[in-house]
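I opened this model to look up a few local features. My notes follow in the order I took them.

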Amino acid sequence: MSPISPADQAIVGAQLRRLPRGIVDVAWRCPCGKPGVVTTAPRLPDGTPFPTTYYLTCPRAVAGCSSLEANGAMAQMTQRLNSDPELAERYRRAHDRYLAERAELGDVPELAGISAGGMPSRVKCLHVLVAHALAAGAGVNPLGDEALAELGEFWAEPCLPDAPARVGVIDCGTNSVRLLIAQANAAGGLAEVTRDLRLTRLGQGVDATGEFHPDALERTFAAVDDYARQLAEFGAARVRFVATSAARDAGNRDEFFAGIRQRLGVAAEVIPGTEEARLSFVGALAGLPPSRVSSPVLVVDIGGGSTELVVGDAAALQRAVSLDIGSVRLRERFLHSDPPTADEVAAARACVDELLDSAGVDFGGVRTLIGVGGTATSLSALVLGLPEYDRTLVHGSVLDTAEVVGLAERLLAAPVAEVADLPTMHPKRADVICAGALICAAVASRVDVPLTVSETDILDGLALDLLADPGSAPAPRFGRELVDGSAAVPRVGA
């Protein structure tokens with residue numbers, strides 16, 4: 001047996017033409033490597049008792065069993081059980097073993113004494129017996145072995161047609177958890193299959209307590225549960241989950257990591273700052289035509305717990321800095337009132353300005369300013385006056401400095417309830433957008449070019465990496481300052 005991965009779940013979903021339920025692991029794989037038999041839990045997630053511990057998924061094997069059943073094989077086998085005591089005894093032992101193996105997966109009183117496929121006295125389903133024979137190996141289920149022999153080398157032809165490889169990436173930050181499932185397009189870029197975003201506020205109170213709040217973990221795990229379903233449904237063959245500032249700061253990170261692995265079958269990665277910077281930069285530039293980008297480029301990503309500043313061009317990164325302040329953290333530290341008082345705003349602005357002053361970024365030399373992430377895209381939708389959020393209109397939109405600064409002032413002066421009523425404002429972002437806008441305005445005020453908003457970001461960089469090299473991530477391409485200096489992006493604390 002082998003663990004069930006997101007890729008396996010996607011293949012099983014395609015084999016069954018429905019979302020698989022209650023899979024525990026892969027009990028047998030075809031020589032091609034695809035799952036052919038899966039082990040299922042004796043009680044499905046919805047509470048339904050499920051007696052079939054070994055479930056046949058390979059479409060060619062399933063079709064072969066159906067043909068044998070249509071030709072009367074089950075009736076003939078049942079007759080032999082009635083006339084051959086030795087065969088009947090071996091079949092009964094197979095039944096006992098089936099029950100014992102299912103008991104190891106959990107106790108379901110409703111299934112006491114009931115195996116599957118008609119065991120121990122008759123034959124009702126060859127699919128069950130063949131699945132048992134494949135999972136257990138030869139010599140365990142005599143009638144399963146016989147049926148399997150009749151099928152021959154059913155795996156000689158592929159059970160599924162080849163399809164474009166799809167990858168799934170999840171970015172878990174302080175305020176949001178986001179999903180991208182994509183495949184390569186003809187030009188070598190990304191063809192998006194689906195995107196999703198959930199505002200789970202994983203970083204709730206982390207700045208004060210140093211740990212994830214139980215409610216925040218519950219919200220985040222609920223989002224990841226749904227993402228696991230989508231990964232299986234859309235057939236993501238490879239999956240990567242990255243966690244940024246929130247997981248770096250939490251004392252109970254082990255609980256978070258264990259929950260992610262349990263739900264996705266992959267480890268949550270707290271990626272180094274250099275890698276995060278590279279991926280954000282690559283993702284941001286991937287969505288914009290080269291004609292709209294002049295170097296040097298500054299990509300600003302305002303998250304919930306930190307703000308990333310990355311300067312570079314198409315060939316290399318020149319400077320990457322992580323400011324230890326984001327929309328959630330700035331709100332929790334300084335902007336306590338609703339709306340914030342003038343003194344609170346002044347203190348927050350002074351903190352941000354101090355961090356930017358010490359960031360070591362030549363803001364005056366920037367020729368293209370690109371904003372990625374929820375703060376930038378939310379501000380764009382408000383400036384554009386959209387009646388509802390439309391990412392096709394937000395992507396590539398341009399905001400001049402006066403628009404960014406003016407909108408930040410209005411958001412800082414408005415109560416959260418009023419902000420939440422804005423047409424494109426997500427309710428769970430309404431209380432922190434003013435802080436994010438303050439950071440964005442502070443950056444925009446230091447450069448001589450408008451802000452270009454991009455809907456592509458670190459998720460796109462992650463997906464491009466997975467498609468280009470599924471075995472490992474490419475080495476970061478940094479300029480001399482970062483290569484010869486620290487191995488990590490400098491973190492400028494608040």
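Entry 1: I started at V300, which stands opposite L309 in β11. The model is predicted, and I read it as such. V300 also stands opposite G371, a residue of β13. I then looked at how the strands pair. β10 (residues 297-302) and β11 (residues 307-312) are antiparallel, with 6 bridges. They form a hairpin, and 4 residues lie between them. With β13 (residues 368-372), β10 runs parallel, and 5 bridges join the two.

Next I asked which residues of β10 point one way and which the other. V297, V299 and D301 point one way, while L298, V300 and I302 point the other way. In a regular strand, side chains alternate between the two faces of the sheet. I checked burial as well: 6 of the 6 residues of β10 are buried, so the strand is largely enclosed by the rest of the structure. I noted that the buried residues include the charged D301.

**Entry 2: two crossing helices.** I moved on to α11 (residues 273-286) and α19 (residues 458-468). Their axes come within 6 Å and cross at roughly 95°. That makes α11 roughly perpendicular to α19, because angles of 65 to 115 degrees count as such. I listed the contact residues. From α11 they are E275, E276, R278, L279, S280, V282, G283 and A286; from α19 they are I458, D460, G461, L462, L464 and D465. By class, I found 6 nonpolar, 3 polar and 5 charged residues in this contact.

**Entry 3: how α19 sits.** How many residues of α19 are buried? I found 8 of the 11, so the helix is largely enclosed by the rest of the structure. The buried ones are I458, L459, D460, G461, L462, A463, D465 and L466. I looked for what covers them. The cover includes α11 and the strands β5 (166-172), β6 (176-184), β7 (190-199) and β8 (238-243). At the start of α19, I saw a side-chain oxygen of D457 within 3.1 Å of the backbone nitrogen of L459.

**Entry 4: E233.** Last, I looked up E233, which lies in helix α8 (residues 214-234). Is E233 buried, exposed or partly exposed? Its relative accessible area is 44%, so it counts as partly exposed, between the cut-offs of 20% and 50%. Its side chain makes a polar contact of 2.7 Å with the side chain of R229. Residues three or four places apart point the same way in an α-helix, because it has 3.6 residues a turn. I also noted R17: E233 and R17 are 216 residues apart in sequence, but their C-alpha atoms are 9.4 Å apart in space.

Key:
Residues are numbered from 1 along each chain as its sequence is written. This is a predicted model: local features need pLDDT of at least 70, side-chain atom pairs count only at pLDDT 80 or more; totals for chains, interfaces and linings use all residues. Side-chain values use heavy atoms; hydrogens and water are left out. Buried means under 20% relative accessible area, exposed over 50%, partly exposed in between (1.4 Å probe, protein chains only). A polar contact is a pair of N or O atoms within 3.5 Å; within protein, one must be able to donate a hydrogen and the other to accept it, and residues adjacent in sequence count only if both atoms are side-chain atoms. Axes are lines fitted to C-alpha atoms, for helices over the stretch in contact, and angles run from 0 to 180 degrees between N-to-C directions. Angles under 35 degrees count as roughly parallel, over 145 as roughly antiparallel, 65 to 115 as roughly perpendicular and the rest as oblique. Contact means heavy atoms within 4.5 Å. Two strands pair if DSSP finds at least two bridges between them.
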